[in-house]
Amino acid sequence: MNPRKYIDYSILIQSDGVIQASADSIRSAPARIDFHQAELASLYIQAVNDGVVNSTSKLQNLGKLLYNTLFAEPVGGHFREQAWRKVFTDPHQETCVRLRIIFQQGVTPHIMNMPWEFLFHPTQEIFLGTYPKFSVSYKLEDWYDQYPEPRADDVPIRVLFAHMHPEDLDGIGTSPVRNAIGELKKEDITFHELTDPSVTSLKETIQKFRPHIFHFLGHGQFQEGHGSFAFSDKSGNAFWYDSQSFSILFGGWLPSLMVLQACESGQISENSTLSGGIAWLVRQNVPAVVGMRYPFEQGAGWIFIRKFYELLSQN
């Protein structure tokens with residue numbers, strides 16, 4: 001396998017709606033968010049939340065509106081020259097783009113909380129977030145320089161896998177996830193597993209085991225602007241633990257990577273800035289958090305997780 005060459009492409013969205021892109025220190029001229037396209041995208045987003053948008057073509061239309069919102073000219077031209085063209089003209093197919101959308105403090109929640117992971121190139125017919133040569137992430141400007149603590153080569157990667165099984169909720173399979181995490185065993189890892197831990201035992205294990213990777217498998221929900229995760233109470237039934245309190249469990253130790261495999265763990269409030277399951281963890285300065293914005297079927301989650309760890313093991 002040829003080594004990959006990465007282009008770190010960043011788009012800064014300022015509080016006044018001005019956007020500017022940069023790649024390898026080459027900056028674009030300023031542009032402005034296309035608020036008309038953003039309003040049209042909002043109609044699709046509401047339809048997604050209501051379960052009306054349930055076809056690939058409709059999601060593509062949403063992605064095109066998001067793309068046009070973000071890549072207004074001259075930022076669009078800068079992206080084509082400094083990122084897109086370099087990926088598709090590389091004869092060795094080694095070039096990849098890490099697209100980071102960075103929000104300045106004061107950007108409206110309406111813009112910040114859009115599902116930018118659905119960005120869809122309008123002419124090439126590609127979802128950027130799922131195309132192998134691109135990755136998409138976003139964060140607040142003052143979180144931009146949070147990187148994992150360096151790990152010595154002789155220190156094993158510690159992986160903590162916690163899964164929850166309240167009796168009054170649908171069952172969740174663990175074997176596919178355990179097997180996916182096993183992809184990392186090509187490296188030197190230390191694996192620890194918790195089945196239905198209490199809040200207290202989970203917190204204690206985090207502090208003692210100090211995982212580099214934390215994987216949570218369970219049920220999540222997002223209601224009235226707040227996210228929560230299902231733990232089991234003393235009778236074995238679900239009690240919902242709010243995402244802000246969940247984030248505090250990591251107050252004494254921050255993993256380098258967290259995977260929240262729970263419905264709506266990546267959902268965020270329409271009315272407040274990055275408020276939700278992932279958001280509270282990012283506020284704790286966890287360098288990288290992966291979550292699910294919408295409800296999903298178990299099979300789809302397994303496919304994603306298997307590929308995620310497969311690629312993680314390669315780099």
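Is glutamate 193 buried, exposed or partly exposed by its relative accessibility, and at what percentage? Glutamate 193 comes out as partly exposed, at 26% relative accessibility (buried is under 20% relative accessible area, exposed over 50%, partly exposed in between, with a 1.4 Å probe and protein chains only). The model is a predicted one, so local features need pLDDT of at least 70 and side-chain atom pairs count only at pLDDT 80 or more, while totals for chains, interfaces and linings use all residues. Numbering starts from 1 along each chain as its sequence is written, and side-chain values use heavy atoms, with hydrogens and water left out.

Glutamate 193 has a charged partner: arginine 178 forms a salt bridge with it, at 2.7 Å between the closest N and O atoms (the criterion is a side-chain nitrogen of Lys or Arg within 4 Å of a carboxyl oxygen of Asp or Glu). Since glutamate 193 belongs to strand E10 (residues 189–195) and arginine 178 to helix H5 (residues 175–181), the pair ties together parts that are 15 residues apart in sequence (helices, H or I with at least four residues, and strands, E with at least two, are DSSP runs numbered from the N terminus). Arginine 178 is partly exposed too, at 29%.

In total, the structure holds 7 salt bridges. One of them joins lysine 64 and glutamate 125, at 3.7 Å from N to O. Here lysine 64 sits in helix H2 (residues 56–70) and glutamate 125 in the loop between strands E6 (120–121) and E7 (126–127), so parts 61 residues apart in sequence are tied together.

Now for the nonpolar side. The largest nonpolar core has 42 residues, and Tyr9, Phe71 and Trp116 are among those with the most contacts inside it (a core is a set of buried Ala, Val, Leu, Ile, Met, Phe, Trp, Tyr and Cys residues joined through side-chain atoms within 4.5 Å). A second, separate core of 25 residues includes Ala162, Leu194, Phe209 and Leu281.

Aromatic pairs number 25 across the whole structure (ring centres of Phe, Tyr and Trp, its six-membered ring, lie within 6.5 Å; planes under 30 degrees apart are stacked, over 60 edge-to-face, the rest tilted). Phenylalanine 103 and tyrosine 138 make an edge-to-face pair, 6.2 Å centre to centre with 80 degrees between the planes. Phenylalanine 103 is buried at 0%, whereas tyrosine 138 is partly exposed at 25%. Phenylalanine 216 and phenylalanine 246 are edge-to-face as well, with centres 5.4 Å apart and planes at 75 degrees.

Strand E15 (residues 257–261) has 5 of its 5 residues buried, so it is largely enclosed by the rest of the structure. Leu257, Val259 and Gln261 point one way, Met258 and Leu260 the other. E15 pairs in the parallel sense with strand E11 (residues 213–217) over 5 bridges (pairing takes at least two DSSP bridges), and histidine 215 has valine 259 as its bridge partner. Strand E16 (residues 288–290) also pairs with E15 in the parallel sense, over 3 bridges, with leucine 257 opposite alanine 288.
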